[in-house]
Amino acid sequence: MSQKHRNLLLATAFVAATGAAVAGRQSAPVQIANPLRVSLFANGSTHGFDGVVQLKLTNNSNQIVKVPYWQLPSDHMESSLFQVTSAGRAAAYTGPMVKRGAPTDADMVVFQPYETKVVSVNLSKFYDLRGGEASIRFNSVLQGAKTGTGANMGDAAGRLSVLQTAPLRIWLDGASLQRDDFNSAKSGGTATVVNGIAFKSCSSTQISGAGQAVVDARVYTENAKGYVNAGTVGARYTTWFGTYTSTRYNTIKSHYAAIDTAMDYSSPTVVPNQVTINCGCNQSYYAFVYPDKPYEIHVCKAFWTAPATGTDSKAGTLIHEMSHFNLTASTNDWVYGQTGAKSLAISNPDQAIDNADSHEYFAENNPFQN
């Protein structure tokens, strides 16, 4: 790359990529009124960009706005909120992916009228960045975001608003990039193998409950795989994944084939990629995984109080998390809960086929649909 080209890319690091909250991409996108605006900046230097971006979020209205914290940028991300290409390829997200319930008031970040919040995020902690030309875009679905009147920031048709920026092109300085700080949490611990499933930090009672959840999840994934392999396009499909196209349908077929294979994988000894349940999590949500560390699923407090099967079940939680791995479906957490997943299928089917809860609810099929 010429020095002139490199300097041009560096110069763009000082220009904000700015966007409003807009509807998810469809063949004819619908603009949904939303008072939030977001700008994306990157701090460049003569040595190049080191992976740290700054975002400015502004409430441009005279009303209070409330947004679930996990839909906003932070330096402690629990889902992939950026679309990043680095050195000519999509940069894989390496941070945690969490299954949680639908947002509540306790989860909300409050924006006062005309308030601006500024946040810095070190993307190299969460994405597999490489040196060279890169493109960065913030893109988050605002599920459950509310105005001061309590109104949801969506529309009557169920379409969801999206907070996003335009892509920002920069030059990454590979020597300056920091690597993720999750490595110590991603591995380690002694496993006990029971019926071919590995368990870490689990009591005998937890081994029994989680082991049954794996068995139940295998039934669900086999059924889901059979449905799409038969080419069925009923209400069960359209409710969770939206309008049919052959491309999207084939993507879902490949997802369930991979999820089913991974869920069935077991061994009498601890081996790479074996289904592993880690019971060491004390967080309030259901579970989390690191998508680049198959197939270890960290189950948390909500997992143990969930029903064995049915909506938001133990079995379904395992399917949700299994879909996140890069070796299976590499799904994101665009929205949570059945209501959010149904809205996403209407608003943006391309995101619905990339949403972990949508895969879970299709597999649980509760209430039953053909």
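Reader: In which sense do strand 4 and strand 11 pair, and over how many bridges?

Author: This is a predicted model, and what follows is computed from it. In general, strands of a sheet pair through backbone hydrogen bonds, either parallel or antiparallel. Here, strand 4 (residues 65–68) and strand 11 pair in the antiparallel sense, over two bridges. Within that pairing, Lys 66 stands opposite Lys 146 in strand 11.

Reader: What is the order of the strands in this open sheet?

Author: Three strands form the sheet, in the order 8-4-11, with antiparallel pairing. Strand 8 (108–111) and strand 11 (146–147) are at the edges and have a single partner strand each, so one side of each is left without a neighbour in the sheet.

Reader: How many helices and strands are there in the protein chain?

Author: The protein chain has ten helices and 18 strands. Of its 370 residues, 54% are buried. Among contacts with a separation of 6 or more, 72% are between residues 24 or more positions apart. The chain exposes about 15000 Å², of which carbon and sulfur atoms supply 52%.

Reader: How many residues of helix 10 are buried?

Author: A residue is called buried when its relative accessible area is under 20%. In helix 10 (residues 356–364), nine of the nine residues are buried, so the helix is largely enclosed by the rest of the structure. Just after helix 10, Asn 365 takes a positive phi of about 50°.

Reader: Is helix 8 mostly covered or mostly open, and what do its buried residues pack against?

Author: Helix 8 (residues 337–347) is mostly covered, with eight of its eleven residues buried. Among them are Gly 337, Gly 340, Ala 341, Leu 344 and Ala 345. The buried residues of helix 8 pack against helix 4, helix 9 (349–352) and helix 10.

Reader: How many aromatic pairs does a search of the whole structure find?

Author: The general idea is that a pair of aromatic rings is described by the distance of the centres and the angle of the planes. The search finds 15 aromatic pairs in the whole structure. In one of them, the rings of Phe 82 and Phe 138 have centres 5.3 Å apart and planes at 70°, so the pair is edge-to-face. The pair links distant parts of the chain, 56 residues apart: Phe 82 is in strand 5 (residues 82–86) and Phe 138 in strand 10 (residues 132–141). Phe 82 is buried, at a relative accessible area of 4%, and Phe 138 is buried at 0%.

Reader: Why is the pair of Phe 241 and Phe 362 tilted?

Author: Their ring centres are 5.4 Å apart and the planes stand at 45°, so the pair is tilted. Phe 241 in helix 4 (residues 235–241) and Phe 362 in helix 10 are 121 residues apart, and the pair links distant parts of the chain. Both Phe 241 and Phe 362 are buried. They also belong to one aromatic cluster, together with Tyr 227, Tyr 237, Tyr 244, Tyr 249 and Tyr 256.

Reader: Which residue lies over the face of Tyr 227, and at what distance from the ring centre?

Author: Arg 236 lies over the face of Tyr 227, at 5.0 Å from the ring centre. Elsewhere, Lys 99 lies over the face of Tyr 286, at 4.6 Å from the ring centre.

Technical notes: Residues numbered from 1 in each chain as written. Predicted model: local features only at pLDDT ≥ 70, side-chain atom pairs only at ≥ 80, totals over all residues. Heavy atoms only, no water. Buried < 20%, exposed > 50% of the residue type's maximum accessible area, 1.4 Å probe, protein only. Helix = DSSP H or I, 4+ residues; strand = E, 2+ residues; numbered from the N terminus. Phe/Tyr/Trp six-rings, centres within 6.5 Å; stacked < 30°, edge-to-face > 60°. Lys NZ or Arg CZ within 6 Å of the ring centre and 35° of its normal. Pairing = 2+ DSSP bridges. Contact = heavy atoms within 4.5 Å. Areas by Shrake-Rupley, 256 points an atom, 1.4 Å probe, with all protein chains shown as cover.
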